[in-house]
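Me: I would like to learn how to read surface and contact features in a model, one at a time. Could you take me through some of them?

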Amino acid sequence: MGKVVLDISMSLDGFIAGPNDNHKQGLGDGGEILHDWLFSGELPSKFNEFFKL
């Protein structure tokens, strides 16, 4: 059986996308700001170089 790993951000109030999300705009209106913190640092994470601290 395969293994699925998912990395996702969620706001404290439970949102993972902005309003008006659809198949062309998966994060909705302004949804990118929920996930910007993952990439805004200068040092790569010791667990995954994709994420910045």
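Reply: Let us begin with exposure: a residue is called buried under 20% relative accessible area, exposed over 50% and partly exposed in between, with a 1.4 Å probe and protein chains only. N20, at 51% relative accessibility, therefore counts as exposed. Please keep in mind that this is a predicted model, in which local features need pLDDT of at least 70 and side-chain atom pairs count only at pLDDT 80 or more, whereas totals for chains, interfaces and linings use all residues. Residues are numbered from 1 along each chain as its sequence is written, and side-chain values use heavy atoms, with hydrogens and water left out.

Me: What is the phi of N20 near?

Reply: Most residues other than glycine have a negative phi. In N20, phi is near 65°, a positive value in a residue other than glycine.

Me: Is H35 buried or exposed, and with which residues is H35 in contact beyond its sequence neighbours?

Reply: Contact means heavy atoms within 4.5 Å. H35 counts as buried, at 12% relative accessibility, and, with neighbours within four places in sequence left aside, H35 is in contact with I8, S9, I16 and L27. The C-alpha atoms of H35 and I16 are separated by 8.6 Å, although these residues lie 19 residues apart along the chain. I8, by contrast, counts as exposed at 53% relative accessibility, and its contacts, under that exclusion of neighbours within four places, are with I16 and H35.
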